[in-house]
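Hi,

Here is the structure I promised to pass on. Have a look at it first, and then read on for what turned up.

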Amino acid sequence: MIELKGIYKWVNTGNNRTFLLKDINLSIKEGEFISIMGPSGSGKSTLLNVIGMLDEFDEGEYVFMNEPVHKLKEKQRAALYKQYIGFVFQAYHLIDELTVYENIETPLIYQDIKSSDRKAMVADILDRFNIVGKKDLFPTQLSGGQQQLVGIARALIANPRLLLADEPTGNLNSKQGEEIMDLFSQLNKDGVTIIQVTHSEKNAAYGSRIINLLDGRVEK
Amino acid sequence: MFKNYFKIAFRNLARNKIYSFINIAGLAIGLACAMLIILYVKDEISYDRFQLNADNIYRIVTHNVDKNGGKIHKEPNTGYLQGPRFMQNIPEIKNFVRIQQGNENIKLGDEVKNQELLYVDSSFFKIFSFPLVSGNVNNCLNEPLSVVMTEDAARTQFGTTNVIGRIVMMKDDSVFVPHKVTAVVKNCPQNSSIKFDMLLPIRESQADATNSENWFNSFLNTFVVLNPHSDIQSVESKMQKFYVADTKDAIISLKKQFGDVVESWKSEYHLQPLLDMHLSTELPSHNGLSGASNPMYSYILSGIALFVLLIACINFVNLTVARSVKRSKEIGIRKVVGSDRKQLIFQFLGESFLLCLIAFVMAIVFVQLSLPLFNNLSNKALALSYLFDIKLVAGYILLFVFTTLLAGFYPAIVLSGYKPVKTLYNRFSNIGKNYLQKSLVVLQFTLAAFLIIATLTIYKQFNFLTNEKLGYDDTDIVTIQKNFKTHEEAWLFKNELLKIPGIVSVAPRNGGSWSTIAKLGNDSTINFDYETVDESFLPVLKIPLALGRNFSSDFPADSANSILVNETFVKKAGWKNPIGQTVNFWYNNNKTYTVIGVVKDYHFESLNKKIGPQLFTMKPGNPYEMVFIKIKPNTASGSLMAIQKTFKQLFPLNPYSYVFMNEKNRKAYEAEAKWKQIMLFGAILTIFISCFGLFGLSVLSAEKRTKEIGIRKVLGASVNGVVTILSKDFLKLVFISLVIAIPAAWLASNKWLENYPYRISLSWSIFASGALLVILIALITVSFQAIKAALANPVKSLRTE
């Protein structure tokens, strides 16, 4: 599903070049549940964003679902990404001005799905996540765990093949975190490929494979 | 999708009340100004366009070359002969109509009132589009004793509009003559240069029509209708050729009488399109025509409207971009969940559209509310119903779209360009240099400062015009119009008046303004205004003499031989020793008059005109048409009653009305006074809206710098110090604005003042007070928020970080 070959990413500060990612070679198959670990500043989030096509890289090759991402134009990349990838953030990143229902619905709007279909899909996922009663509330009226549930529901609404999660439990207490991780396991069993960034060994253990990063390199 | 956008837009507006208020109120005020001014300008441009034949109607005008100065003096008036003779001899001219201003004494019940009216040719209704309510277009002005009146005039005269065949008694000379109503016409549209209550057939005697010397007597407006697509220049040259040929004999005979002066009466004939007339400053709509306007006002108003609207749009752009830090998270999320840039641009444009829509609706309400005031100030009768004109509606829609795009496009482009990775990982900051925001603030305050200084200049100049010493004393002076048959009749009235205890003195004078040309001793000629007065005129108005003596009853020969002149006359004539010089004015059979005194220059005309040469005579042949009555202070009501009683006893069949001279002088500058107010409103609005924006920016800046302020306070910064830090940046911008605005305002004010022969000098105090005002207002606006931020508890702001 994902092939990274010799990925480099750097920033120039004055005359110094600081590498964020250094020679990353990675192959991820469909159905895997990967945990990326490493200390702060090791490049975990950057790698995740590169995989999620939110961030660009300076050198190397990236093949996603048999498409060479490094050769695609911005528009094609966006289309690819829209179709296959869902994102979950540590800080949930819900739109404060929209209700739970509207937040979940937003990706569908951008995929030009008909209003009646949207209704059915959102209703379905609200039901699945047990948050039907919260659908008219605004994000600020929810607890952190509930907000993250909404965030995941939003990421999943368009049936992505790949779910990218950047410390999804980082802002949650342990009980909420466990629930989220259980949900991830369940999703993985249902066939969604998951890549998560985490600090917690416990959470990493939910995955099928752990990748350790240090200073932008994959530790062997 | 649009539903989603609008939902967000609405919630955003509701959530950020200050921001929404600033934007909507600012835009609404800006749009309202623009709408009012579009209405005004549209009305100005629409003048006379309702005339169906407007494109083919021209006014005959002349350019008179002053032999001495070589200056061209343009004259909008013509006489009896131009219309008929040009039509007979130039094939392109299909028709003509002459319009002469006049007034008649008419009986209204037992009262006699003075009715202003127009004398016109019978072709009037064939040329101009004034629809008749009743009567016949073709013959209603054929009979000499017919009268045509408007519906309003018919209602005042008879109480009904069904008045064909009814009789109006009008006094021509000394007896009342019955005139028959032959037609009733709809009231004249307000945007017509030709406005009347009553029309009478023009009175041209057979002698007048045949006397070629009448070419040189200009006192009415002549309009001609040309064949469509006529070549104006060729018609003008034909007119000129015919005029030169037709006046040959008259000039020879006049030269015998008056000498070479006659050569200087020659004119060059031109055609002024009817549609150019209303806004012409050189050839205005005067002498029976009304509504003459100055295009300068349209320019100034348009400038104000543009300024106000631009400033409101700048607020929008600045505040939206400044607020983008808050919005950036939403933008990032939207991009992550699949929005592309185009969709975001549409979303932000949608928001600005919604905001503008609300502002637009509010603006219409504002316009409706402020129209009465605006009409009063601008001397118009505009109505909101004018808005339902297709072109105007199109104009407003264009204005709306323009505003939406202007205000929304830049923020939409900038905001939609944010990178999601940056905004979502708190790596986003908008602190940067913000050159655009800063330059927009500078632009805003430059406009505001410019307008304030310009307003101060205009204000001072108009104040000067209304308060400047006129060179005579106009207090406690009542003027009465009355055409006296002889000087003796006037003096009889004067003597009767002087018996009234409240009356100090009385002076008769000619009515209106007379002017003519005279030959000086050295064979040069001089144009001058001239007044027919008696010895009491100068004392009544307290006009001092510079040299020599006033007319006096001790010198009975004064009325036949002596004249007074003003200082400008002396200067123009180049006399070193004016007393005893002689003047020979043209229609007086080479009789010369001797200068016995020099009158100090006084403003006998509007201050908008330079004092010209003026001459005073007591010549018995010239009529007295009005009297100046000086009354004792605070005796107005009693004296006026006594004056009216005396007047009615002596002249029972004449209409009586009086005017206080100082009031009339004040009224002469009514337009200036009103424009002064309009400018003031404009300047207040501009600075007000600018400060709106500055306030919004300072709120956002304080929010953005909460952490910085918190840290500074923890490290020991005082409240004063923090306020200074927060205010300094904005004040710097205001200073830059002033540096740009002051020279620009100086140039513009200077240019504008050149229109006035008597003007204030541009002192530094105007600029200083303008600048100080701007700085002060800006300081108050900014420091309000800065103080609030500085007083906040740092623990709170730091904990939320």
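Chain B of this predicted model splits into three parts: domain 1 takes in 2-43 + 294-465 + 670-799, domain 2 covers 54-277, and domain 3 runs over 477-667. So that you can find your way around, note that domain 1 is written as three stretches of chain B.

How far apart are the centres of domain 1 and domain 3 of chain B? Taken over C-alpha atoms, the separation comes to 56 Å. The two do touch, though: five residues of domain 1 of chain B make contact with five residues of domain 3 of chain B. On the domain 1 side of that contact in chain B, you'll find four nonpolar residues and one charged residue, with no polar ones.

Next, the strands. In chain B, strand E8 (residues 176-185) pairs with strand E5 (residues 132-135) through three bridges, in the antiparallel sense. Leu132(B) has Val185(B) as its bridge partner there.

E8(B) also pairs with strand E6 (residues 146-150) of chain B, this time running parallel, with five bridges between them. Val185(B) turns up again here, standing opposite Thr150(B).

Then there is strand E7 (residues 167-171) of chain B, which is antiparallel to E8(B) and joined to it by five bridges.

Cheers

Definitions and conventions
Residues are numbered from 1 along each chain as its sequence is written. Chains are lettered from A and ligands numbered from 1 in the order in which they are written. This is a predicted model: local features need pLDDT of at least 70, side-chain atom pairs count only at pLDDT 80 or more; totals for chains, interfaces and linings use all residues. Two strands pair if DSSP finds at least two bridges between them. Helices (H or I, at least four residues) and strands (E, at least two) are DSSP runs, numbered from the N terminus. Domain bounds come from an automatic or database domain assignment. Two residues are in contact if their C-beta atoms, placed from the backbone, lie within 7 Å. Ala, Val, Leu, Ile, Met, Phe, Trp, Tyr, Cys and Pro count as nonpolar, Asp, Glu, Lys and Arg as charged, and the others, Gly among them, as polar.
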